[in-house]
Amino acid sequence: MASTEQPRQKTEKELEKERKKAAKLAAYEAKQAKKAAAEKTRQDAGDKPGKKAKKIQEIVPEYIDPTVPGEKKELPSLDHPALKAYNPQIVESSWYAWWESQGFFQPKRQPDGSASPKGTFVIPAPPPNVTGALHIGHALTVAIQDTLIRFNRMKGKTTLFIPGFDHAGISTQSVVEKMLWKKEQKTRHDLGREAFTNLVWEWKNEYHDRIKNQLKRLGASYDWSREAFTLDDIRSKAVRECFVALHREGIIYRANRLVNWCVHLNTALSNLEVDNKEIPGRTAISVPGYTEKVEFGVITSFAYPVEGTDEKIIVATTRPETLFGDTAVAVHPDDPRYKHLHGKYVVHPFVDRKLPIVTDSEAVDMEFGTGAVKITPAHDPNDYATGKRHNLEFINILNDDGTLNSACGPEWNGMKRFDARVAVIEQLKQKGLFIEQKDNAMSIPLCAKSGDVIEPIMKPQWWVRQKDMADAALEAVRSGKITITPSASEQEFYHWLSNIQDWCISRQLWWGHRCPVYFVDFEGVDQDPNDGKWWVSAFSIEEADEIVQKDFAEAKSCKYTLSQDEDVLDTWFSSGLWPFSTLGWPSETSDMKDYYPMNVLETGWDILFFWVARMVMLGIKMTGQVPFTEVFCHSLVRDAQGRKMSKSLGNVIDPLDVIKGISLEALGEQLTKGNLDAREIAKAKEGQKLSFPKGIPECGTDAMRFALCAYTTGGRDINLDILRVEGYRKFCNKIYQASKFALMRLGEGYIPPSGGIKLTGQESLVEKWMLHKLTVCAKTMSTALDGRDFLESTTAIYNYWLYELCDVYIENSKFLILDGTEEQKRSAQDTLYNALDAGLKMIHPFMPYITEELWQRLPRRPDDNTPSIVVSDYPEYDETLFDPESEQAYEFVLSVVKGGRSLISQFGILSNVRIFVQCADAKLADIIKQQTASIQSLVKWCESVTVLSGSDAQPEGCAVYTVNADCNVLVEVKGKVDFETEIKKAENKVEKAKQGKANLVKAISVKDYETKVKKEVQESNLKKIEQFDAEIENLRQMIAEFERLNV
């Protein structure tokens, strides 16, 4: 039987719930239908299911710069399609040639010729080697130095940035010899000295122009009228002056000593040009001139027969081939095993020679090995000292090309050294003198230029006594005349100079400064060319002849000839004179008077001793003054994986490739144009795939410079990630777009106020906040750059542009300029102009091109005729703009904005946003009431902002964000969110806040908290606890409200 009971009538709330449910279902079905239709369209078009339609890339028309080189750039309209987005190629064109033609890079002096009353600032650029192109390490050097020069130029100082190039003797000769062999299978000896040096000059001219172009692309504001080259006439004169003076004083002297000999390059090297490769034991190493790898890390023991007995003394060596140069066997005087052999001899197994058994407590540790040591004075640094102590014979067994010489006997004469190693071991076995071989951890000395294994060889060379000069350099640093940063570099400076040795300055090369010293060869007089007394230093052969006539008695009765030393000087000798030779020394030039000593020597820490220490020593010695007052050592650039940059690894970066961008294929093609062989090219290409799988994106000069400075934190190494550089290109685009927008808001007829930034009293709160941020940033920038804190300075100006000017003021100024009164509009425009003008000037030292491009588009103040941002005034701290009260007030507004944005993002609200700000503090409430328009301009989709007092009831259906204990931000979410999901999220937040509070309460409950913890920290912790309490209470209220609405 059917029931006659009427169904219960639904309440209005239940009906509303059903309507919403039906609406959601309808929306879902519509979405699915739209998705199905789109899928069908794709299938009809032949696309694969689920595949997104490709975004059609807009073709940007090419822009050709019509500017005549050297003239001021013709600025195209910003409406041109090519200028829609930041394009570094367009932005960077034409400016450098104009800067140079206008003389902006030359030091500006007063009408009377004096320097600026604000002082001088001079940097000598480390001269790059003319061996090839610059790498990213050079770009780091330029970025740091040019930033300092541009900053100090804008500060009103007389600045001088001196460019130059280094002939780089070993490096350049080596690379040209490789090129000559690769192209023509010829050596330098096939050409002869004159023809070969002419070939090197051709190389130098080609790569000099290439490097100079790179430096200009990097924006380096050098005074090119003072360009120097270490082999030009002025620098050559300086080298001769220094050598002759030091030789005549006895500081440079001639001696036949052990040197580091590179067989492959056929020249001596300093200790600093030798890399020591540590190996754990048996290791095969590729050696130039050998098709098979050579085994190292093995110690060979063999026996020397004792003369007239059946006894043998066992010795051990890692270089068996050197036994031809053995002239003694040493034992400890207290070793009982050998006391009966004191004064006896052993017999050499291969040459007709007896070796004395000598006793020496310095050379022998009787607890190590057999307690007997072979002594090879002419081929081992330790044995050299032993040989001197015992007056042993010094026998050289090697020719310059690394073959054994006649001292080894006819059977061995001409045999290559490492081939001889194998043959010696074999013959020792045949003679029954071989004992054993064992693995031996050791250090292999390698030529830093060629990779060849270094041989210690006796050579007559020119040496510099450095002890007294080093002491003077140390005193200059200790006394504060020179400062060295970072402190780690200062400690290294002390270490190197406190343990300094004499410097071998002779190099057996053809490219370089030929030693200005002449051998006087008298007929019929027994002379030793190794004896320095027969050598005369002079500026010319004519002067040498005059000195011989005057100082040598033999010249009165004997005929003689003069021959200049064939050797050239170590490259670092001429580089050591750089700070004063670039100013015209030894002539008494106006530049020496005006710019010496220089201010800052900036370079990598790795050449602190190679170059910096020698400049200090030679500067003090030759001029009587320190060459500069500050040394700043920057980090070394490594790849993103922390590996050293190396051509063979394929991770070397050409700065121009970062500026212009390059594909992976083009990077690989570059490798084939150098001196790498096929195996090295294949390895390098694999390295390129690892480092640059998608090639290198176009970043532009400004982004690269800024990135390199931002990386300069004072550490030893920079692991350069090219993606970070690309990120700063996006920052450049932000600056570009913000400036375009600001120019639009200013309008064509806008004229900025004269006389700089002056408060009118009509500024809105956000304007006061912006101007406060401006002056604080100006102060931070000046302090940081004066203190060489590049991380602090780049961070400050990055934050200024991105988070203060772009994200806040430009966004906020829209409503003031568009909807404000005429007075508000004008004030907002003036502040926008001032913030933009100062922002471009403050970042100019890092980013010279984009700042000039945009600054030239700004209207100029009526009283301002400054032609370029390069020579504009750097913004200074202005106390009248410093307004911490306005800053605090507007920061509170921004915290409300943050709260509103957070809730909108959290709940996914995309339209009709209603914000309520509840303030228990009346002062805070007044601030928000005055800034509702500002909040609306900064919060997307916000249609209203309502201010509530602490006693007002919170509106229904709102989510809450706690700003502080006195302020909450509420956003209406009713009808826009899933309450059940949001309740769970809120409950999790309550638990998180409770845990945070518990941790803080625990921390302040520890013993002696009130006496040991600073008062300001205690106050901060109490405020945090109050904020946790407020957050928990607000979340609980929100949960209760959501539960009520979810019924």
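## A loop lysine

Lys344 sits in the loop that joins strand E12 (328–331) to strand E13 (345–347); helices (H or I, at least four residues) and strands (E, at least two) are DSSP runs, numbered from the N terminus. Its relative accessibility is 36%, so Lys344 counts as partly exposed, on a scale where buried means under 20% relative accessible area, exposed over 50% and partly exposed in between (1.4 Å probe, protein chains only). Gly308 is 36 residues away along the chain, and its C-alpha atom is separated from that of Lys344 by 9.3 Å.

A word on the ground rules: this is a predicted model, in which local features need pLDDT of at least 70 and side-chain atom pairs count only at pLDDT 80 or more, while totals for chains, interfaces and linings use all residues. Residues are numbered from 1 along each chain as its sequence is written, and side-chain values use heavy atoms, with hydrogens and water left out.

## A buried arginine

Arg417 belongs to helix H10 (residues 417–430). With 2% relative accessibility, Arg417 counts as buried. Its side chain reaches the backbone oxygen of Val453 at 2.9 Å, a polar contact (a pair of N or O atoms within 3.5 Å; within protein, one must be able to donate a hydrogen and the other to accept it, and residues adjacent in sequence count only if both atoms are side-chain atoms).

## A β-α-β unit

Strand E1 (residues 120–124) pairs with E2 in the parallel sense over five bridges; pairing requires that DSSP finds at least two bridges between two strands. Thr159 in E2 is the bridge partner of Phe121. Together with helix H4 (residues 136–154), E1 and E2 make a right-handed β-α-β unit, meaning that, with the strands pointing away from the viewer, the path from the first strand over the helix to the second runs clockwise.

In a regular strand, side chains alternate between the two faces of the sheet. Strand E2 (residues 158–162) has five of its five residues buried. Thr158, Leu160 and Ile162 are covered on one side, and Thr159 and Phe161 on the other.

## An enclosed helix

Helix H25 (residues 822–843) has 22 residues and reaches 31 Å from its first C-alpha to its last, close to the expected 32 Å, which is 1.5 Å times one less than the number of residues. Of those 22 residues, 17 are buried, so H25 is largely enclosed by the rest of the structure.
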